[in-house]
Amino acid sequence: MSEKCECCNKTKERSEEEYKSLINRLSRIEGQIRGIKGMVENNAYCIDIITQSAAASAALNSFTRELLSNHIKTCVKDDIRSGNDETIDELLSTLQKLMR
């Protein structure tokens with residue numbers, strides 16, 4: 001499963017297992033967000049919405065951790081082995097963005 005990224009023209013060939021795992025996580029997160037939207041539309045109590053929002057944030061963080069782990073184990077490892085040390089700078093920049 002590979003598709004060009006419009007921002008950098010890089011692609012990543014994912015295994016069927018990785019693809020399905022990421023898509024399933026995103027689908028669950030999408031459902032959570034739709035649920036939160038419905039809660040707002042139905043004037044749900046603030047604390048209930050906040051609780052669901054925190055759960056959606058945790059799910060998105062979990063997705064990001066899985067994707068980052070896969071990236072390090074495949075893309076970063078392969079690039080370093082082939083002598084492309086620029087990948088380290090890219091990874092460090094990404095980690096700095098995540099830690100804001």
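## The whole chain

Begin with the cartoon view of this predicted model. The chain contains three helices and zero strands. Read from the N terminus, its elements follow the order α-α-α.

Next, display the C-alpha atoms alone. Along the principal axes, they fill a box of roughly 55 × 30 × 20 Å. The radius of gyration of the chain is 17 Å, whereas a compact globule of 100 residues would have a value near 13 Å.

Now switch to the surface view. The accessible surface of the chain is about 7,800 Å², and carbon and sulfur atoms account for 54% of that area. Of the 100 residues, 18% count as buried. If contacts between residues at least 6 apart in sequence are considered, 40% of them join residues at least 24 apart.

Select Asn43. This residue belongs to the loop that lies between helix H1 (16-41) and helix H2 (46-81). What is the phi of Asn43? It is positive, about 55°, although Asn43 is not a glycine. Asn43 is also exposed, because its relative accessible area of 69% lies over the 50% cut-off.

## Salt bridges

How many salt bridges does a search of the whole structure find? The search finds six, and the tour visits some of them.

Select Lys37 and Glu41 and show their side chains. They meet in a salt bridge, with an N to O distance of 3.9 Å. Both residues are in helix H1, four residues apart, so about one helical turn separates them. Are Lys37 and Glu41 buried or exposed? Both of them are exposed.

A network can be displayed next: salt bridges with shared partners join Lys12, Arg14 and Glu18. Within it, zoom in on Arg14 and Glu18, whose side chains form a salt bridge at 3.6 Å, N to O. The two partners can then be coloured by accessibility. Glu18 is buried, because its relative accessible area is 11%, under the 20% cut-off. Arg14, at 27% relative accessibility, counts as partly exposed.

Move along helix H1 to Glu30 and Arg34. These residues form a salt bridge whose closest N and O atoms are 3.6 Å apart. Glu30 and Arg34 are four residues apart in helix H1, which is about one turn of the helix. Glu30 is partly exposed at 45% relative accessibility, while Arg34 is exposed at 53%.

Tyr19 is in helix H1. With a relative accessible area of 32%, Tyr19 is partly exposed.

Notes
Residues are numbered from 1 along each chain as its sequence is written. This is a predicted model: local features need pLDDT of at least 70, side-chain atom pairs count only at pLDDT 80 or more; totals for chains, interfaces and linings use all residues. Side-chain values use heavy atoms; hydrogens and water are left out. Helices (H or I, at least four residues) and strands (E, at least two) are DSSP runs, numbered from the N terminus. Buried means under 20% relative accessible area, exposed over 50%, partly exposed in between (1.4 Å probe, protein chains only). A salt bridge is a side-chain nitrogen of Lys or Arg within 4 Å of a carboxyl oxygen of Asp or Glu. The radius of gyration is taken over C-alpha atoms; the globule rule is 2.2 Å times the number of residues to the power 0.38. Contact means heavy atoms within 4.5 Å. Accessible areas come from the Shrake-Rupley method with a 1.4 Å probe; for residues, only the protein chains shown count as cover.
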